[in-house]
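Welcome! Take a moment to look over the structure below, and then we will walk through a few of its features together.

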Amino acid sequence: TNASQRRAAGPLSAPGRIKEIASAANPIVKDIRALSQKRHRDETGLFLVEGLKLVLDGLDAGWELATLVVSKAALQGGSEVLTRVVSRAVGIGADVIEASAKVLEAIARRDNPQSAIGVFRRRLTPLSKVALASGEVAVALDRVRDPGNLGTILRTADAVGAKSVILVGDCVDPFSLETVRATMGSIFAVPVVRAKEAEFLAWRQGFSGQIVGTHMTGAVDYRTPDYAAATLLFMGNEQAGLSAEMAGTCDLLVRIPQAGRADSLNLAVATGVMLFEARRKALTL
Ligand code: SAM
Ligand code: CO
């Protein structure tokens, strides 16, 4: 069937319908484009995922795909994977847009965009659901501001089998295009929690594991603690580090020794070093 035959089956508002859109001025395109702004993501609970591989990662992980935007040219060019993703999307009730190059460029805000863009429903895990058994590790981030850092941290947390990433205080949005890009698909694998400082401090009262904070004034070498206990690694803001209040809630403050001229490590690099140390015994080739 071609798009016009399938379109005849119903309007776009009915689930699982296919619609062709050529103009970037189309209101549906405008709504999707608006998801590059945090306000619109918060209002709708939706976010953008670029590229066929990432869309497939999301589908495989069972996340809800609301709309799939695909390149009409690539479909007509006979892309088999793209055709399969379209039928999979239709099968689970997602709307499908067969888009012109202009429409894809407008949504992705770049030249030569990917041939598929997914609009997924975001998932956040409540802090009350975070519980760690011995040997398990999670990460808390105090006011992380850089989308690339957050994406890299989510990817690394996924790679070591960390149980969750807790965003404490005023953090960058984990569902921004830039963060999602940097996660390389791990956004679908690691539970993400958002918590205000007060909520985190209240939850902390009932947390029986250890909170290992990282601090430039930490007196303990990061390789010293026994990570066999349930461990929450607490990382500081890119500029200011851990606030005094957050540092004060940690069981111990560790430091990664450095040589050379650099004052400190990049946040995502420091998180990687900490995660691999905490998981050193758990990870084997
Ligand atoms: N000017 C900030 C300070 O003095 O805290 C530097 C912040 S650093 C760029 C960002 C975060 O990465 C820190 O809060 C800490 O969590 C982590 N970090 C970076 N280098 C570290 C090191 N050598 N030891 C422990 N943590 C480190
Ligand atoms: Co608006």
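A residue is near a molecule if one of its heavy atoms lies within 4 Å of that molecule. Keep in mind that this is a predicted model.

- Which residues come nearest to ligand 1? Of the 19 residues around the ligand, these are Thr214, Gly236, Ile256, Gln258 and Leu265.
- The space that ligand 1 takes up is the largest pocket.
- Two elements, β12 (252–255) and α12 (267–278), each supply at least two residues of the shell around ligand 1.
- Sorted by type, the residues of this shell are 9 nonpolar, 8 polar and 2 charged.

**Polar atoms facing ligand 1**

- Thr214 has a polar side-chain atom 2.5 Å from an oxygen atom of ligand 1.
- For Gly236 the backbone is involved: one of its polar backbone atoms is 2.9 Å from an oxygen atom of ligand 1.
- Ile256 also takes part through its backbone, with an N or O atom lying 2.9 Å from a nitrogen atom of ligand 1.
- How much of ligand 1 does the protein bury? Taken alone, ligand 1 exposes 560 Å², and the protein buries 85% of that.

- Most residues other than glycine have a negative phi.
- Arg143 is not a glycine, yet its phi is positive, near 50°.
- You can find Arg143 in the loop between β6 (137–142) and α8 (147–160).
- Met184 is not a glycine either, and its phi is positive at about 55°.
- Look for Met184 in the loop between α9 (177–183) and β8 (192–195).
- Met184 has a relative accessibility of 46%, so Met184 counts as partly exposed too.

- Where is Ser176 found? Its place is the loop between β7 (165–168) and α9.
- Ser176 is buried, because its relative accessible area is 11% and buried means under 20%.
- The side chain of Ser176 is joined to the side chain of Thr179 by a polar contact of 3.1 Å.

Notes
Residues numbered from 1 in each chain as written. Chains lettered and ligands numbered in written order. Predicted model: local features only at pLDDT ≥ 70, side-chain atom pairs only at ≥ 80, totals over all residues. Heavy atoms only, no water. Polar contact = N/O pair within 3.5 Å; in protein donor to acceptor, adjacent residues only side chain to side chain. Areas by Shrake-Rupley, 256 points an atom, 1.4 Å probe, with all protein chains shown as cover. 1 Å grid on protein atoms, 1.4 Å probe; cavity = no way out; pocket = protein on both sides within 12 Å on 5 of 7 lines; lining within 4 Å. Sits in = over half its atoms within 2 Å of the grid points. Helix = DSSP H or I, 4+ residues; strand = E, 2+ residues; numbered from the N terminus. Nonpolar A, V, L, I, M, F, W, Y, C, P; charged D, E, K, R; others polar. Buried < 20%, exposed > 50% of the residue type's maximum accessible area, 1.4 Å probe, protein only.
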